[in-house]
Amino acid sequence: MQSITPPAVSGFDEMFAREGAVRPHYSSYHGWLLGQSKELLHRKRQEAELLFHRVGITFNVYGEESGAERLIPFDVVPRIIPEQEWRHLEQGTAQRVRALNQFLDDIYHGQEIIRAGRIPADQIYGNAHYQPCMQDVDLPNQVYSHVSGVDLIRDGEGTWYVLEDNLRTPSGVSYMIENRRVMMRLFPELFAGQSVAPVEHYPSLLLDTLQHSSAVPYPTVVLLTPGRFNSAYFEHAFLAQQMGIELVEGADLFVKDGFVYMRTTAGPQRVDVIYRRIDDDFLDPLAFNPDSMLGVPGLLSVYRQGKVVLANAIGSGVGDDKSIYPYVPEMIRFYLGEEPILENVPTRLCRRPEDLQYVLEHLPELVVKEVHGAGGYGMLVGPAASREEIESFRQRLRARPDNYIAQPTLSLSTCPIFVEQGIAPRHIDLRPFVLSDGRATRMVPGGLTRVAMNAGSLVVNSSQGGGTKDTWVVEAPSC
C-alpha cells in the first residue's frame, strides 16, 4: 500500500487542501493511489521511460559538448483540473490571445494603441523582435499567432496568473499528447473509472487551423524545421506525421514566379501554408541573416504579397517579449473592451528608473529575467542565488537595465510526484495551447504540465532538469 503524506510546506497543493483533506476532484485517483505499492509505481515509471525511448521522445540541450539526446523526466502522478476551473482558464487564455493578435495587427498598421498613449512607442520600435518589413502587410483574418502557448502558474493562495506568452514557435505539445498515450497504456483502469477529457485530437485541430488560415481551397500545408539537430526536432517530426503533412527543411523549398514550391519526386508542388518552427532571422537569407542555411531565399517577398501563409507570422515575437508582457492587461481593455479574466504576475520594468532602483535594493527577494530569455536561461532566482550571483546580476542590471524585468518570487503551487522515497510535492506550471484562425480560438482541454523535479526548485524548464506529467481535465465528478 502507498503512503501519501500531505505536504508540510505552506502554499497551495493541487491534491491536498491545507488541512490535509483531499480535494474532491482528486478523491477517486487518491483512493486508487493508496492501493498501489511503491514497487508497482517504480516499475510503471521504468515502463514509461522505455516507451518514450522507443517512440524517440528526446531533446537536445544546446551548449553541451556531448550533444547527447535526453529524455524529459516523466512523472506517473497526473495533475487533475476540474472542468469548471478549466473553463475559467480556457476563457482567460483565449481572451489574451485575441487581444495579442489585435495588438500585433495594430502595431504593424495604424499603431492606435501607441497613439492613445497606452504603450510607449520605443517599447515597440526599439524591440528586437519588431520587423519593419511587416509594416502595412495585410494577413489573412489579421491572425499573427496561429499557435500560442500561454504559461500559467498558481500562487500559494491558489490564484491563477499568466507568467508569460509564447507567440513565436511555442513547443511542448507533443509531450502533452505522448504523456496521455503513455498514461492510458500504463493505467487503463484509471481512464475507465474517470471521465478525463481527451487531448489526442490536437493534431487534427492544428491542421484545420492551418488550412483555414489560407484563402486557397484545399491548401498544401508543410512543417518547416531547422533539422534534426534542433532541440525540438522530435516534436516537428511528430506533428508532421500526425497531421499527415510533409516535414521539410529550407533546402526542400524554393521560390519561383512569385510562389513557394516544394521539391518532390513527382516534380515541384506549390506550398500554400508553412507551419514554421524556425525563428524570423533564419527564414530568408535575402531579407534577414545572409549566413542562414535554414531558410528559403525569397520567402519574405512571396509572404508580403500574400501568396503563402506563415504560421506564426513574421514579427509576432513583439507580442511575447517579456518587456511587452506587463501591457497585455491594457491591450485587453483597449482592443476588446473587457477586463482581464487572468491577471499578470506583478512586474517591474528595469528600464524605468524607479523600478530599477527598487529591483537593485531587493534583488535577494526577486526573480529577474532577460526580456528575450527563454528556457530558464538568463534569469536570477534571488532567494536561491548566492551572494556572488546576486552581485554579478546587479552589474548586469546597471549595464543594461532595459534588458531585464523583475517579479516577486511566488510560491508556485505543488503537485505530488513519485520519487524514490515515495510520493512528494514538487512545484509545477501549466502551458495550454491556443489555436487561432480568425474564426475562433480553440484549445484541447489540458496542456503541458511542467514539473521542477528537485525539491524546493521553482525552475520547471526541461533544459534545467524539469520534467512533465499528464494533465487531466475531469469532465464530470469522479466515479
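User: What rules apply to the model as a whole?
Analyst: The model is predicted, so local features need pLDDT of at least 70 and side-chain atom pairs count only at pLDDT 80 or more, while totals for chains, interfaces and linings use all residues. Residues are numbered from 1 along each chain as its sequence is written, and side-chain values use heavy atoms, with hydrogens and water left out.

User: Why is Glu178 called buried?
Analyst: Buried means under 20% relative accessible area, exposed means over 50%, and partly exposed lies in between (1.4 Å probe, protein chains only). Glu178 has 6% relative accessibility, so Glu178 counts as buried. The residue is found in helix α6. Helices are DSSP runs of H or I with at least four residues, strands are runs of E with at least two, and both are numbered from the N terminus.

User: Which residues is Glu178 in contact with, leaving aside neighbours within four places in sequence?
Analyst: Phe52, Val55, Ile57, Phe234 and Phe238 are in contact with Glu178 once those neighbours are left aside. Contact means heavy atoms within 4.5 Å.

User: What makes Gln241 exposed?
Analyst: Gln241 has a relative accessible area of 55%, so the residue is exposed. Gln241 lies in helix α9, residues 233–243. Its C-alpha is separated by 31 Å from that of Leu104, 137 residues apart along the chain.

User: How does the span of α2 compare with the expected value?
Analyst: The expected span is 1.5 Å times one less than the number of residues. Helix α2 covers residues 38–55, 18 residues in total. From first C-alpha to last, α2 reaches 26 Å, close to the 26 Å expected.

User: How do you know that the buried residues of α2 line one face?
Analyst: The buried residues of α2 are Leu41, Lys44, Arg45, Ala48, Leu51 and Phe52. Seen down the axis of α2, they fall within an arc of 120 degrees, so they line one face of the helix. The arc is that of the directions from the helix axis to the C-beta atoms. On the other side of α2, Glu39, His53 and Arg54 are exposed. The cover over the buried residues of α2 includes α1 (27–34), β3 (74–82), α6 (173–186), β18 (414–419) and β19 (422–431).

User: What puts the buried residues of α1 on the same side?
Analyst: In α1, the buried residues are Tyr29, His30, Trp32 and Leu33. They cover an arc of only 160 degrees around the axis, which puts them on the same side of α1. Their cover includes α2, β3, α7 (188–193), β19 and β23 (467–474).

User: What makes a space a cavity, and how many of 30 Å³ or more are there?
Analyst: On a 1 Å grid over the protein atoms alone, a cavity is a set of points where a 1.4 Å probe fits but cannot get out, and its lining residues have an atom within 4 Å of a point. Grid points are joined across faces, edges and corners, and volume is the space filled by probe spheres set on the points. The structure holds four cavities of 30 Å³ or more.

User: How do the lining residues of the second largest cavity divide?
Analyst: Ala, Val, Leu, Ile, Met, Phe, Trp, Tyr, Cys and Pro count as nonpolar, Asp, Glu, Lys and Arg as charged, and the others, Gly among them, as polar. The lining consists of Phe52, Ile57, Leu71, Ile72, Phe74, Tyr175, Glu178, Asn179 and Thr468. That gives six nonpolar, two polar and one charged. With three residues, α6 gives the most to this lining.

Key
On a 1 Å grid over the protein atoms alone, a cavity is a set of points where a 1.4 Å probe fits but cannot get out, and a pocket is an open set with protein on both sides within 12 Å along at least five of seven lines; lining residues have an atom within 4 Å of a point.
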